[in-house]
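Q: Can you walk me through this one? I'm new to reading structures.

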Amino acid sequence: MSVNGIGYYGNSYGVHNISSLYRRQMQSAVKKVNRISNMGNSRLNRYLEKSSSHFLRSYNQSMSDLMSSANALKTTNRTGIWNKATAQSSNTKVLDVKQNYTMGSLGTNDSYKVNVKQLATAQKNVSAGVEKDALATADTALSVETSKGNFTFRVSAKDTNGNQKTNGQMMREMADTINQSGIGVNASINTKDGKSQFTLVAKETGKKNAFTVSGDYADKNGLAKPVEEAKDAEYTVSKNDQEEKTFTSDSNKVSLDYGRLTADLHQTGESTVKIGVHEDKVVSAVKDLVGSYNDTLKMLAKNTDRGSGVERQLARMLQMPISEKSLELVGISQDKNGLLQLDENKLRENIGKNPALTKEVLGGSFSMAQTMFENGRQGLSQSGASLIENDIGIAQNNYENNMFTIMGTFGRTSPFAMSNMYTVGSLLNLLA
C-alpha cells in the first residue's frame, strides 16, 4: 500500500539522515543529543539533552579542577609551592622575618638561630612638671645638639600685646618651634593634674641619633638628663649551627645573611629562622587536592550508567599507584569507597621531620600529585561520545520510535493521496 511505501521510504531516509548528521555535525557528544532531541521533539529527549549537557560541563570542570590542584603540588611546576621557599620565624614575639628575593626550592634549607640581647632604643628626655596655667616669670631658651648641628630655640614670656604668657603657652610654642625645625627630635607636652611635662624624643633609634640638651629651661626643669638612653640593637646569629657571630645595629630592622633576609626585632629572646616551604601552604594545597579528588570520584560514581568512558575513568582513578604506606607517611589514607582522608597533624609533623620525603611523596615524579594530574589529563582526553553513549542510545531509539508514529498518523489523516509525490516530498521535508 501507499502508506507502507511512504513508511518504508520515510524510514530509510530518516535513519540515513540521522547517520549523516552524526558524521558531519557531531563534533562533541552533547551536539549529538541536541540534534536527536530537536528531531524527536520528545520530553525524554529534551530531558536527556539538558542532563547530558549538564553532566559534560560538570565532568570537564571536575577534571580541570583536579589537574589544577595537582599541578600546585608538582615539583616540576616552577611556580608551585615547592619552588616558593619562604622564611619563617619560630618566635614572632621576638622577631618577624621576610625574604628580600626568591629563596629557591626546599632542597636548599637554611636555618638561623638568632639571640636578641638588646633592642635599639631612641633617647628620651622628660622635664619636671610645672603648673600649666601659672604665668611665666621670664623668657626661656633651649639648646639641642644633634648629629645635624647645634640649635637654640628662644621663647618670650610675653605675647605681641605685652600680655604675660602661661607656662603651658610657652611650652606649646617651644614644642611647635622644635618640631618645625627638622633637627631629628620630636617635642611633646604631657599634662596631668594641671601640671605639664616637656618631652624630647629622637626620631630614630641608635647611638648615632643621640642628642644633648642645655640652656636655662633644661637646667631648671631637669630636661638635660635622659630618662632613656640611645642604644644600638645587639644580637647574635648562628647559621646552620655554625659559629655564632655578634652584630649591632642602630635600628631594630636588621639584615641577615648579607641582605638575604630582613628581620624586625621586637623584644629580647631567641628565635630560629628557617628557609623552606611554608607549612600552611603545603597543608592547604594537599587539602585542596584531596577535596578535588574526592569530588571527582563522587561525580564519576554517580554517572557510571551514562557511558563506558565514565566507567573507565572511575576505574583509572581508583588505581592509586602510590603504596598505602607512603600515603600514611604524609597523613593520607583511603576508605573502602576509594575516598581520601587527611590527617593534618600527621602531615604537619612530617613536613617538619622529613621535608624531602614529604615533598617526594606528594609532588615528585611518581607522586600523588603527578598521578592525579595525569588522571585529569586522560579524563579530558576521553571522547564525549563514550561518556554519554547510553544517553545517546536512548535518545536515538526514542527518536526512531517517534518517527514511525508520526508517519502512521500522517498516513491515516492526510486528505491527499499517499501516492502523490508532492505528499511524499512534503513528508520528507518534515522529517529533515
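This is a predicted model: local features need pLDDT of at least 70, side-chain atom pairs count only at pLDDT 80 or more; totals for chains, interfaces and linings use all residues.

Q: What is the strand order in the open sheet of three strands?
A: The order is β2-β15-β14, with antiparallel pairing. Strands here are DSSP runs of E, at least two residues, numbered from the N terminus. Two strands pair if DSSP finds at least two bridges between them.

Q: Which strands stand at the edges?
A: β2 (95-99) and β14 (253-256) do. Each has a single partner strand, so one side of each is left without a neighbour in the sheet.

Q: How many bridges join β2 and β15?
A: Five bridges, in the antiparallel sense. β15 covers residues 261-265. Q99 stands opposite L261 in β15.

Q: New topic. Where does K287 lie?
A: K287 is in helix α6 (residues 279-301). A helix is a DSSP run of H or I, at least four residues.

Q: Is K287 buried or partly exposed?
A: K287 is partly exposed, at 43% relative accessible area. Buried means under 20%, exposed over 50%, and partly exposed lies in between (1.4 Å probe, protein chains only).

Q: What does K287 touch?
A: Leaving aside residues up to four places away in sequence, K287 touches L342 and E344. Touching means heavy atoms within 4.5 Å.

Q: How far is K287 from Q341?
A: They are 54 residues apart in sequence and 9.2 Å apart in space, C-alpha to C-alpha.

Notes: Residues are numbered from 1 along each chain as its sequence is written. Side-chain values use heavy atoms; hydrogens and water are left out.
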